[in-house]
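Reader: I would like to read the helix packing and the core of this model. Where do we start?

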Amino acid sequence: MQKHLLPSHISLYSALLLTYQKGGFANPFRITRRELMKLSSIRSFTTYHKRLEELIDLGCLVYSPSFDPILASQIEILPIKTINHSNGD
């Protein structure tokens with residue numbers, strides 16, 4: 001797993017937040033890969049799925065895939081946790 005966020009993580013998360021906003025801040029909400037890839041400017045399926053999995057592993061969201069071609073997958077955005085790093089100062 002990545003130890004730092006890449007621009008593709010940020011663009012995908014931004015696309016998720018935009019979709020969340022457009023949906024009236026309902027949580028969870030429905031998403032499609034096509035829409036998120038377009039909004040985030042990610043062109044590779046592999047990159048999209050990898051970044052989505054990494055955001056899930058970081059605890060940013062919960063993803064419930066839909067294997068139905070008509071029903072979109074579901075995402076729940078989780079509260080962002082803050083980490084206090086003590087450097088001994």
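Author: Start with contact, which means heavy atoms within 4.5 Å. Helices (H or I, at least four residues) and strands (E, at least two) are DSSP runs, numbered from the N terminus. This is a predicted model: local features need pLDDT of at least 70, side-chain atom pairs count only at pLDDT 80 or more, and totals for chains, interfaces and linings use all residues. Residues are numbered from 1 along each chain as its sequence is written, and side-chain values use heavy atoms, leaving out hydrogens and water.

Reader: Which residues of H1 and H2 meet?

Author: From H1 come Ser11, Leu12, Ala15, Leu16, Leu18 and Thr19. From H2 come Glu35, Leu36, Leu39 and Ser40. Six residues of this contact are nonpolar, three polar and one charged. For these classes, Ala, Val, Leu, Ile, Met, Phe, Trp, Tyr, Cys and Pro are nonpolar, Asp, Glu, Lys and Arg are charged, and the others, Gly among them, are polar.

Reader: At what angle do the axes of H1 and H2 cross?

Author: Axes are lines fitted to C-alpha atoms, for helices over the stretch in contact, and angles run from 0 to 180 degrees between N-to-C directions. Helix H1 (residues 7-22) and H2 cross at roughly 120 degrees, and their axes come within 8 Å. Under 35 degrees is roughly parallel, over 145 roughly antiparallel, 65 to 115 roughly perpendicular, and the rest oblique. H1 and H2 are therefore oblique to each other.

Reader: How do H2 and H3 pack?

Author: H2 (residues 33-40) and H3 (residues 45-57) pack at about 95 degrees, with axes 11 Å apart. They are therefore roughly perpendicular. H2 brings Arg33, Leu36 and Met37 to the contact, and H3 brings Phe45, Tyr48 and His49.

Reader: What makes up the largest nonpolar core?

Author: A nonpolar core is a set of buried Ala, Val, Leu, Ile, Met, Phe, Trp, Tyr and Cys residues joined through side-chain atoms within 4.5 Å. Buried means under 20% relative accessible area, exposed over 50%, partly exposed in between (1.4 Å probe, protein chains only). The largest core here has 17 residues. Leu12, Leu16, Tyr48 and Ile75 have the most contacts inside it. H1 gives the largest share, five residues. Beyond four places in sequence, Ile75 touches residues including Leu16, Phe29, Leu52 and Tyr63.

Reader: Is Ile80 buried or exposed?

Author: Ile80 lies in the segment after S3. Its relative accessibility is 63%, so Ile80 counts as exposed.
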